[in-house]
Amino acid sequence: MEPRAFSACSDAVSGEPVLTGLDQVGGAAPWSRPATEVARDLEADPRTGLDDPVARARLAADGPNEIATRRPLSLLRSILAQLTDPLILVLIGAAVLTAITGDFVDCAVILLVITVNTTLGVVQERRAIRAVRALTTLVAPNARVVRGGRDVWVPTRGLVRGDVLRLSAGDIVGADARLVRSTRLQVDESLLTGEALPVDRSAEAIAPEDGPVADRSGMVHAGTSVVRGTGEAVVVATGMASAIGRVAALVQEGESPRTPLQRRLDRLGRQISVAVVFACLVFLLLGLLRGQPWEITAVAAVALAVAAVPDSLPAVVTLALAGGASRMSRRGAVVRSLPAVETLGSVTLLATDKTGTLTRGAMVADRSWTPADGDRPLDGAVPAGTRSLLEAAALCNDADPTGAGEAGTAGSADTETSLVRAARDAGIDVAALRSAYPRVHEEPFDAVTRRMTTEHREPGSGSSTITKGAPEVILPGLAGAGDAVPVAERWAREGRRVLAVARDGRLLGLVALDDPVRPEAAEAIASCHRAGIRPVLVTGDHAGTAEAVARAVGLVDDAHPAEGHVLARVEPEGKLRYITGWQAAGHVVAMTGDGVNDAPALRAADIGVAMGQRGTEVAKEAADLVLADDSLATVTAAIAEGRRVYDNVRRFVGYGIAGGASEVLVMLLGPFFGLALPLLPAQILWVNLLTHGPVGVAMGAEPAAPDVLRRPPRDPSSGVFDRSLTLRTIGLAVAIAAVCLAVATWSRAGGGPWQTQLFVVLTVAQLALALVLRPGGAWRGGTGALWLPVAVVTNGLLLVAGVYLPGLSDVLRTEPLAGAEFAVAAGAGFLPAAVLLLVRLVGRHTRADLAR
């Protein structure tokens with residue numbers, strides 16, 4: 001059963017509060033009680049703070065205020081753990097077999113792949129440790145506290161329960177603390193909650209005990225930063241008991257799941273190994289029963305095993321993933337783990353963040369309402385009534401008019417800055433305006449009154465008073481406010497932040513601020529729908545805002561209701577539980593995020609995607625993919641790349657198994673047609689090199705099929721082989737073996753060089769098959785599509801060299817063929833590919849007839 005799909009409160013999501021500071025304070029949650037009670041329970045006097053002996057005793061009892069990291073395995077143990085992986089064991093077996101047969105080139109390649117895969121595994125294992133260590137950089141090294149009645153700076157790791165923090169603008173909070181005094185305090189909690197705007201915090205605020213972090217208005221948390229105002233707070237939780245500590249614990253407890261491709265190749269490796277051992281034993285037994293020398297029979301059996309095992313598969317997979325990673329990087333997606341490339345192609349559910357992913361992550365004043373001009377967009381020149389509104393908003397404002405920045409730039413999310421920018425864009429010289437109407441008195445914004453008031457001297461004589469703030473605070477009692485109320489309510493339902501502005505007791509109008517939707521987000525969501533991927537918005541923001549954004553990008557519509565597609569007010573544990581719940585229901589989950597609150601979910605998701613511009617180092621360390629442009633469109637492009645990689649790997653697996661099975665059939669059935677030893681070990685290895693080496697690598701780089709994002713994702717529980725691929729592989733293996741045996745039998749009956757002709761037929765049949773198996777549109781795929789034809793032509797020339805070149809032909813023990821003999825063998829080799837083309841053509845016409 002999937003987890004519940006829509007929630008606007010934390011208890012429906014996470015079940016329990018994220019913080020464990022209750023254990024350190026005792027009793028009810030500190031945010032649900034008055035500050036005086038919390039201070040009393042901690043035996044802390046906000047005026048004098050703790051005495052040094054008490055602080056030392058608590059530090060000894062609770063430990064330092066730092067994030068504890070799990071001790072990693074030694075490098076040797078990590079390497080040994082990677083080498084016990086089933087796929088690696090199959091590779092080791094293949095390396096041993098190739099070494100026994102003297103094929104040291106293939107052996108070296110396989111050992112290189114083992115080394116690369118093991119290195120990647122060890123690196124990935126240590127990423128969680130780096131992610132946790134990155135958390136420690138979010139907390140300032142020192143904090144200002146009251147100790148023994150004196151203001152002192154202490155190392156942040158030395159903070160203890162009961163310490164009284166003194167906070168001012170620019171400070172980074174050192175520990176989770178209950179406010180006991182606050183003056184116009186605003187805190188940036190985006191790294192914990194994902195909310196773009198700074199939030200007001202007040203010592204008088206009381207929150208429900210089960211409320212999420214974002215609603216605990218009487219608390220400040222470790223790692224968050226003070227944007228404005230001052231405050232004093234009593235520390236209630238330190239170290240691993242803090243909000244950041246809990247996130248660290250979740251990151252360390254979580255494990256990155258094995259990718260779908262890894263699971264499929266594990267299963268395939270076990271199946272191939274069993275089949276190869278059985279076939280070799282049968283071949284060995286038949287050879288001995290026919291009286292062949294056991295040495296030759298044993299060597300041929302080993303060669304048969306090498307032929308049957310697609311030992312270049314790991315190289316093809318690794319190089320295909322590396323090529324996909326390179327192509328993704330050119331599109332702004334930096335891959336931190338190669339398996340993540342293919343995992344993206346398996347995604348069935350995309351859990352996306354809101355701020356900075358679907359939206360720009362920057363507040364913009366985009367609409368206004370005035371009694372004279374009505375509801376209108378702010379897009380350049382404005383009427384007189386709207387101009388008066390913007391002038392007043394710029395006067396009752398503390399933002400620097402020279403530093404307003406452009407929309408979408410770092411630091412532009414502040415409400416005050418957005419208003420100044422809107423005035424400037426409307427042609428208002430804010431600096432000159434403030435000079436003409438100097439401020440003589442002010443009442444700064446307060447979280448309790450939710451308004452800001454300034455008094456200005458008018459040119460000549462007199463003064464005027466401007467007030468701006470929440471509509472529900474400003475509008476009551478103002479003339480003409482009745483018409484503004486429905487507008488404010490409608491904007492609020494749409495997820496906008498609304499401010500009312502009045503001058504000398506007269507309503508000037510309303511301004512709506514919004515975090516604009518990224519222009520490419522709607523197409524990215526549409527691509528997900530076309531590709532059969534379920535997009536879900538998961539955010540710590542309010543439900544109304546989340547649903548409004550989801551509707552704006554098409555994530556929510558008549559076919560996709562908010563129930564099941566929008567999850568709001570979700571905390572770190574809640575995100576993690578949703579991820580694991582979806583995975584338990586059979587989904588392959590991709591998760592996007594940028595904050596510390598996203599790190600556990602990024603770590604646990606099948607594919608974690610972090611934002612490169614806005615993302616914290618913690619999120620980037622926990623993720624598999626980092627987006628340089630923070631664009632969801634890059635994720636959908638990466639999903640297409642992942643599907644391309646899997647399609648190519650799957651195509652090569654079918655091709656390689658068909659070729660290997662045909663060789664096994666030829667070796668097993670040949671004696672029944674009078675062909676005692678159809679192929680020599682050196683010939684088998686040469687065929688494998690020509691058909692599975694450069695050709696296989698080129699197949700891994702083939703262009704994507706045209707419908708790569710217009711078909712549903714594959715079933716996560718399915719293996720590499722489905723019914724259609726199995727039937728095709730069996731059919732091709734039988735066809736190739738039949739043609740080889742037919743040509744060899746015919747040639748032997750006429751006293752011709754049957755073994756060399758069989759060698760040519762087998763090689764040409766597989767090379768031709770590689771070209772026929774190309775995806776639709778591959779021939780129009782540009783420069784990248786040339787690799788396979790070039791590889792096939794080159795290996796065709798190497799086949800000719802194996803037949804005619806002195807020295808090489810001696811090693812392979814082939815005989816020079818007459819032109820007609822070579823033409824017959826090569827022509828017969830094209831027959832299986834021609835049959836496959838005919839079957840495809842008939843099938844295409846049949847489907848077209850059924851569609852009419």
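This is a predicted model: local features need pLDDT of at least 70, side-chain atom pairs count only at pLDDT 80 or more; totals for chains, interfaces and linings use all residues.
Residues are numbered from 1 along each chain as its sequence is written, and side-chain values use heavy atoms, with hydrogens and water left out. Local features need pLDDT of at least 70 and side-chain atom pairs count only at pLDDT 80 or more, whereas totals for chains, interfaces and linings use all residues.

**View 1. Salt bridge between Asp-41 and Arg-33.** A salt bridge is a side-chain nitrogen of Lys or Arg within 4 Å of a carboxyl oxygen of Asp or Glu; here the N to O distance is 2.4 Å. Arg-33 is buried, at 11% relative accessibility, while Asp-41 is partly exposed, at 37% (buried means under 20% relative accessible area, exposed over 50%, partly exposed in between; 1.4 Å probe, protein chains only).

**View 2. Salt bridge between Asp-151 and Arg-166.** The closest N and O atoms lie 2.6 Å apart. The pair links distant parts of the chain, 15 residues apart: Asp-151 belongs to strand 2 (residues 150-155) and Arg-166 to strand 3 (residues 164-168). Helices (H or I, at least four residues) and strands (E, at least two) are DSSP runs, numbered from the N terminus. Asp-151 is partly exposed at 37% relative accessibility, as is Arg-166 at 24%.

**View 3. Network of salt bridges including Asp-151 and Arg-166.** A search of the whole structure finds 27 salt bridges.

**View 4. Salt bridge between Glu-547 and Arg-551.** The N to O distance is 3.1 Å. Both residues lie in helix 19 (residues 543-552); because they are four residues apart, about one helical turn separates them. Glu-547 is partly exposed, with a relative accessible area of 23%, and Arg-551 is partly exposed at 47%.
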